[in-house]
Amino acid sequence: MSEPGPLYIGIDIGTGSVRAALAQRDGTLLHTSSYEIRTWRSASDHRIFEQSTDDIWGRICAAVKDCLQGAAAQTPGQVGSDIAARVRGMGFDATCSLAVTDLDGRGVTVTEGSELGAYGERNIILWADHRAEKEAEEINATGSVVLDYVGGRMSLEMEIPKILWLKRRMKSELFSRCQFFDLPDYLTYRATDNTARSCCSLTCKCSYISVIPKSTSDDANRSGWDDRFFHTIGLGELAERGYGQIGAANSANGEIILTAGIPVGHGLSKKAAEELGLQEGIAVGSGLIDAYAGWLGTVGARCLTSPSSADSLEPHPSVEESSHRLAVVAGTSSCHIVQSKDGIFVEGIWGPYKDPVFPGWWMNEGGQSATGQLIEHIISTHPSKDTLHAKAKEEGKDIYTVLQNTLEHLRVEKKVDSYSELTKDLHIYPDFHGNRSPIADPRMRGSIVGLTLDGSSLASLALLYHATLTAIALQTRSIVDELNSKGHKIQRLYVSGSQARNGILMSLLADTCYNSKSTTPLEGVVIDASDSEENLAKEGRRVGVSAVVLGAAMLGRMAHEVSGQQESLGDERKAEILWNIMTEMTPPGVLIPPSTAKSDGSGVNNAKVKEKRILDAKYEIFLETIEMQKRWREKMDQAAA
């Protein structure tokens with residue numbers, strides 16, 4: 001039963017589903033609901049992924065109504081409209097996908113062919129769509145200063161290469177009527193009828209750089225856009241039109257580029273309110289890309305200091321401590337986000353981005369294009385997948401528990417100390433979908449070294465599964481090492497998403513990324529306390545909340561609390577309000593320390609020391625594999641020239 005008081009709605013649009021959550025002021029979730037999203041693929045081109053804004057909005061409306069009805073059902077005498085009357089704010093996060101509409105918001109088809117540019121349902125190019133590889137390569141060849149703010153190379157997953165792809169194939173009169181949104185900004189537009197954009201989306205995905213000076217003294221809308229860059233790459237008409245098609249158009253509230261949670265326009269429009277079952281005018285916070293909402297929903301966590309007491313928590317952290325906390329948002333892919341007071345340039349790591357969440361702060365973003373997806377791929381393509389699922393059903397367990405039990409049986413049978421020792425001669429390089437960080441090379445490919453003729457048993461699948469988890473951890477270390485080498489001082493990894501419930505992977509991350517020789521050695525991995533192995537083993541346990549959808553709800557609370565006064569608040573005060581919201585709404589965390597860094601008075605654990613040696617050796621092999629693949633690719637390119 002909920003306590004009387006304001007409520008906030010968070011909306012999270014992931015790669016494959018919409019999720020809505022209704023939250024109290026302290027972060028307690030009263031109800032959640034989710035629906036799958038339709039994705040169109042091409043039968044002839046594996047790079048193509050398309051979605052629909054109308055499909056997504058319809059799913060959002062259904063999920064929000066579910067939350068209102070679900071919360072009402074828990075409160076005697078209440079109906080959905082009673083709960084709706086308590087909602088004071090809502091926030092959106094979404095994947096960094098490109099939504100295309102005309103100037104009135106009607107969907108424009110993005111599918112190559114005769115319908116391109118016409119009105120139609122398929123008007124989103126999903127983030128994972130890799131059709132714009134050639135356009136990205138050409139942009140990267142310009143050497144523009146804009147590239148300095150994306151780690152030296154622009155990803156084909158960003159919006160500008162995709163817009164260039166559309167421009168080259170769409171009739172000019174159709175292209176000129178389009179407006180282009182990063183998906184989080186489309187959703188706030190759909191909710192409010194206001195075209196104000198988020199600093200997060202424009203800065204991280206649309207080549208907006210707030211530190212670039214105005215092109216002309218009398219054109220305020222040009223600040224942050226590099227005219228020369230857009231003319232050079234072939235999108236000069238965006239500059240000539242004042243960038244109105246991608247975000248810099250005059251708006252009613254006078255502030256067109258907003259930091260996280262700042263109210264958009266006049267709040268929820270009448271039409272959107274009717275569709276969602278909410279009241280017109282409630283505050284709508286400027287949105288975030290989903291990974292940044294995950295950062296918002298995790299790094300403010302206070303860890304439990306005593307496993308036996310849920311009330312024994314670390315002191316409230318200061319906002320300055322956030323600079324030592326790396327968020328790892330780990331689902332289908334993984335994003336690694338850290339903020340700093342000064343901009344830090346790291347080759348191969350996106351950013352530094354100014355003001356994407358907190359005004360006055362910079363952020364860097366690393367990433368792995370396929371992590372959860374890679375784990376699923378390894379399992380689903382193995383000959384023993386049916387055996388695995390049958391065994392899980394028979395034993396009443398999930399497949400990951402069966403795989404872990406199989407590993408444990410093999411460890412005992414082989415008389416070794418760790419799973420890492422079991423797989424010491426099995427090496428997986430994980431870039432099956434190209435490399436996002438820190439190489440920034442979409443042509444990188446995955447590899448497996450160490451296979452035997454046993455390729456069909458459940459034991460062989462278990463070994464491949466563990467080697468895959470190890471590869472994900474090794475690549476995370478490469479990202480952390482690169483960030484630290486350029487000036488960051490990361491002390492903790494705050495992991496959220498489905499992978500946070502994988503105990504083997506969390507321990508591998510802690511052990512792999514720990515470096516005793518570092519001046520700021522890793523303290524460990526932090527996960528939501530409800531995702532810890534101790535809690536997972538309990539019956540009736542609290543299911544871990546989605547850090548991402550919780551982050552979206554925080555945006556709604558931020559919009560409500562600063563509504564009407566945002567123009568009078570300075571950057572430091574805005575950052576302080578948002579940080580306090582984060583620390584108040586984020587659930588407690590559990591710290592998983594590196595096993596070789598534990599000090600329990602029992603002396604050195606030789607088995608753990610050996611495992612750390614194995615992981616360090618694997619890391620050296622991991623780095624060698626990168627250079628070897630580059631050499632092989634160059635040799636074959638020369639041979640085929």
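Axes are lines fitted to C-alpha atoms, for helices over the stretch in contact, and angles run from 0 to 180 degrees between N-to-C directions. Helices (H or I, at least four residues) and strands (E, at least two) are DSSP runs, numbered from the N terminus. The model is predicted, so that local features need pLDDT of at least 70 and side-chain atom pairs count only at pLDDT 80 or more, while totals for chains, interfaces and linings use all residues. Residues are numbered from 1 along each chain as its sequence is written, and side-chain values use heavy atoms, with hydrogens and water left out.

Helix H1 (residues 53-73) packs against helix H6 (residues 183-192) at an angle of about 65 degrees, and their axes are 12 Å apart. In this contact (heavy atoms within 4.5 Å), Thr53, Asp54, Ile56, Trp57 and Ile60 of H1 meet Leu183, Tyr186, Leu187, Arg190 and Ala191 of H6. Seven of the residues of the contact are nonpolar, one is polar and two are charged; Ala, Val, Leu, Ile, Met, Phe, Trp, Tyr, Cys and Pro count as nonpolar, Asp, Glu, Lys and Arg as charged, and the others, Gly among them, as polar. H1 has 21 residues and spans 30 Å from its first C-alpha to its last, close to the 30 Å expected, a value given by 1.5 Å times one less than the number of residues.

An open sheet of five strands has the order S4-S5-S8-S7-S9, with antiparallel pairing; two strands pair if DSSP finds at least two bridges between them. Strand S4 (40-41) and strand S9 (178-182) each have a single partner strand and stand at the edges, so one side of each lacks a neighbour in the sheet. Two bridges join strand S5 (residues 49-51) to strand S8 (residues 124-125), and Gln51 stands opposite Ile124 in S8. Helix H4 (residues 159-169) packs on this sheet and touches strand S7 (98-102), S8 and S9.

Seven strands form another open sheet, in the order S15-S16-S14-S13-S19-S20-S21, with mixed pairing. The twist averages 25 degrees from one strand to the next. Strand S14 (residues 334-340) runs antiparallel to strand S16 (residues 362-368), with seven bridges between them, and Gln339 is opposite Met363 in S16. Helix H16 (residues 458-485) packs on the sheet, and its direction makes about 155 degrees with that of S16. Helix H17 (residues 503-513) also packs there, touching S19, strand S20 (524-528) and S21.
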